[in-house]
Amino acid sequence: MSGQRFEDRLLIRELYGRFATAVARRDGTEWLECWATDAMWKTPHFEVTGRSALEQMWGATWNDFESVTVFNEVGAIAFSGEGASTLSNVFEVIALKAGGTAKMTGLYTDTFVHERGAWRFSYRGYESIAREASPSAQAS
């Protein structure tokens, strides 16, 4: 493995840390900086493409959430040309404005591009594995 790829692997892993910290701090500006200009975010509930749509989805997410904590475990990072990809596990703990908490686990299929001087998500595809809600969240 070349030294450059080692550095790229570290920078991509740091991207996950920046992403998770931005979410925990509710920092939409920093969160948006983790995405490429024409990035796509796809979940079972929505699909959005582009920074404007991502920004709108960020705002909509916080309509129901008081706080969110994200933990990622990054799988092997593969490089192809100028991009990279990986599969990551995610565990999220969400405090709901209506009361209670939700815990979710899932998989993200992620691709990355090097844009504006940094690695950024160009695609995040989420697949849910499990969800658990506290009794007060289930009653909401």
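This is a predicted model: local features need pLDDT of at least 70, side-chain atom pairs count only at pLDDT 80 or more; totals for chains, interfaces and linings use all residues.
Trainee: Which residues of α3 are buried?
Mentor: In helix α3, residues 51–61, the buried ones are L54, M57 and W58. Buried means under 20% relative accessible area, exposed over 50%, partly exposed in between (1.4 Å probe, protein chains only). Helices (H or I, at least four residues) and strands (E, at least two) are DSSP runs, numbered from the N terminus.
Trainee: Where do the buried residues of α3 sit, seen down its axis?
Mentor: They fall within an arc of 105°, so they line one face of the helix. The arc is that of the directions from the helix axis to the C-beta atoms.
Trainee: And which exposed residues are on the face turned away?
Mentor: That face of α3 carries E55 and Q56, both exposed.
Trainee: New topic. Where is V68, and is V68 buried or exposed?
Mentor: V68 is in strand β3. V68 is buried, with a relative accessible area of 5%.
Trainee: What does V68 contact, beyond its neighbours within four places in sequence?
Mentor: V23, A24, W62, E92, V93 and I94. Contact means heavy atoms within 4.5 Å.
Trainee: How far apart are V68 and A95?
Mentor: They are 27 residues apart in sequence and 6.4 Å apart in space, C-alpha to C-alpha.

Key:
Residues are numbered from 1 along each chain as its sequence is written. Side-chain values use heavy atoms; hydrogens and water are left out.
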